[in-house]
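Look over the sequence and the model, then read the points by topic.

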Amino acid sequence: MKYPLVLVALLVPVLLHAEPLQVSIDCPEWVAARKQDNYQNSLAWIQGFVAAYNQYEYAGSDANGVLGTHDDNAVAKWMDNYCQENTSSNPREAIESLIDQRKHVKNACPTRRQSGRPCPQEKEAEKPAINE
């Protein structure tokens, strides 16, 4: 019992003086961070947002989820393009827009069959590459 308390006592001062992560809150900040090659925290936040969506909402069959890729550069380039077209937007709106474009929507079976058999599985449409 004594060792965990000692560990906590040693870690608390370090954690209290830690720098907060800098994450872009709007598109102009994203563009500035990209120019300074200081966008990794924002990209990690974006990928975390998508990972949460993939875990709890994504209904498609792609193993890589709604983005279809784990390539950091592809996601960053998509954000660059989005922010150039939507300068007053922010990373959250950007990634929500991407999710809306690429999510798989499952349609409900329009009528319950009397036989009790389930509706046939619908095929998921092919997703274009993220930067097409």
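Leu-43 is buried, with a relative accessible area of 4% (buried means under 20%, exposed over 50%, partly exposed in between, with a 1.4 Å probe and protein chains only). This is a predicted model: local features need pLDDT of at least 70, side-chain atom pairs count only at pLDDT 80 or more, and totals for chains, interfaces and linings use all residues. Residues are numbered from 1 along each chain as its sequence is written, and side-chain values use heavy atoms, leaving out hydrogens and water.

**Around Leu-43**
- Leu-43 sits in helix H3 (helices are DSSP runs of H or I with at least four residues, strands are runs of E with at least two, numbered from the N terminus).
- Beyond neighbours within four places in sequence, Leu-43 is in contact with Trp-30, Asp-72, Val-75 and Ala-76 (contact means heavy atoms within 4.5 Å).
- Trp-30 is 13 residues from Leu-43 along the chain, and their C-alpha atoms are separated by 9.3 Å.

**The disulfide**
- The structure holds one disulfide (a pair of cysteine sulfur atoms within 2.5 Å).
- Cys-27 and Cys-83 form this link, with an S to S distance of 2.3 Å.
- Cys-27 lies in helix H2 (residues 27-35) and Cys-83 in helix H4 (residues 72-85), so the pair ties together parts 56 residues apart in sequence.
- The torsion about their S-S bond is about -65 degrees, so the disulfide is left-handed.
- Both Cys-27 and Cys-83 are buried.

**Asp-37**
- Asp-37 is in the loop between H2 and helix H3 (40-56).
- Its relative accessibility is 51%, so Asp-37 counts as exposed.
- Phi of Asp-37 is near 55 degrees, a positive value in a residue other than glycine.
- Most residues other than glycine have a negative phi.
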